[in-house]
Amino acid sequence: MNLPSVVGLAPCVFDELVIIGVGAVVGRSFTEEASGTNSIATTFELRTPLAVRGDEHYIESMKQFSCYGYPLIHPVTKRIEGVLDIPFSAREDNPLLLPI
């Protein structure tokens, strides 16, 4: 997605447009079968925090991102309720951002 016309937008708005531009939108399936290696599906499968950085993504357009996934586990049932995923530019990746 070419976004030079959005220069001047706040960084969070620009980042949101870039993420939407690669197809990461509400309702999209991020299972391993539908989208390959990604921090949402892998975190869901392994039930543990993890990072998927740049080239580790299966989908080519997602390789520009590093993503950190954290499972949201129900405290009583221990069932996984969802995944908190934090995506950002792979150029800004930092080892200090590893999930705890």
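## Salt bridges

R53 is partly exposed, because its relative accessibility is 27%. This residue belongs to a predicted model. The side chain of R53 meets that of D93 in a salt bridge, with an N to O distance of 2.7 Å. R53 sits in strand β1, residues 50-53, while D93 sits in the segment after β3. The pair therefore ties together parts that are 40 residues apart in sequence. D93 also counts as partly exposed, at 25% relative accessibility.

The count of salt bridges comes to 2. K63 and E60 form another such contact through their side chains, at 3.6 Å from N to O.

## Sheet layout

The strands form an open sheet of 3, in the order β1-β2-β3. The pairing is antiparallel. Strands β1 and β3 are the edges, and each of them pairs on one side only. From one strand to the next, the twist averages 20 degrees.

How many bridges join β1 to β2? There are 4, and these two strands run antiparallel.

The hairpin of β2 and β3 has 6 residues between the strands. K78 in this hairpin takes a positive phi, near 65 degrees.

## Aromatic pair

A pair of aromatic rings is described by two quantities: the distance of the centres and the angle of the planes. The structure holds 1 aromatic pair. Its rings belong to Y68 and F88, with centres 5.5 Å apart. The planes meet at 10 degrees, so the pair is stacked; the cut-off for stacking is under 30 degrees. Y68 lies in strand β2 and F88 in strand β3. The two residues are 20 apart, and the pair links distant parts of the chain.

Are Y68 and F88 buried or exposed? Y68 is buried, because its relative accessibility is 5%. F88 is buried too, with a relative accessible area of 15%. Both values fall in the buried class because that class covers anything under 20%.

## Nonpolar surface patch

Y70, L72, L84 and I86 make a nonpolar surface patch of about 370 Å². Which elements give two or more residues to the nonpolar patch? They are β2, residues 65-73, and β3, residues 80-89.

L72 is one of the patch residues, and its place is in strand β2. At 40% relative accessibility, L72 is partly exposed.

Conventions:
Residues are numbered from 1 along each chain as its sequence is written. This is a predicted model: local features need pLDDT of at least 70, side-chain atom pairs count only at pLDDT 80 or more; totals for chains, interfaces and linings use all residues. Side-chain values use heavy atoms; hydrogens and water are left out. Patches are made of residues with over 30% relative accessible area and no salt bridge: like charges are joined within 9 Å, nonpolar side chains (Val, Leu, Ile, Met, Phe, Trp, Tyr) within 5 Å. Accessible areas come from the Shrake-Rupley method with a 1.4 Å probe; for residues, only the protein chains shown count as cover. A salt bridge is a side-chain nitrogen of Lys or Arg within 4 Å of a carboxyl oxygen of Asp or Glu. Buried means under 20% relative accessible area, exposed over 50%, partly exposed in between (1.4 Å probe, protein chains only). Rings of Phe, Tyr and Trp (its six-membered ring) pair if their centres lie within 6.5 Å; planes under 30 degrees apart count as stacked, over 60 as edge-to-face and the rest as tilted. Two strands pair if DSSP finds at least two bridges between them. Axes are lines fitted to C-alpha atoms, for helices over the stretch in contact, and angles run from 0 to 180 degrees between N-to-C directions.
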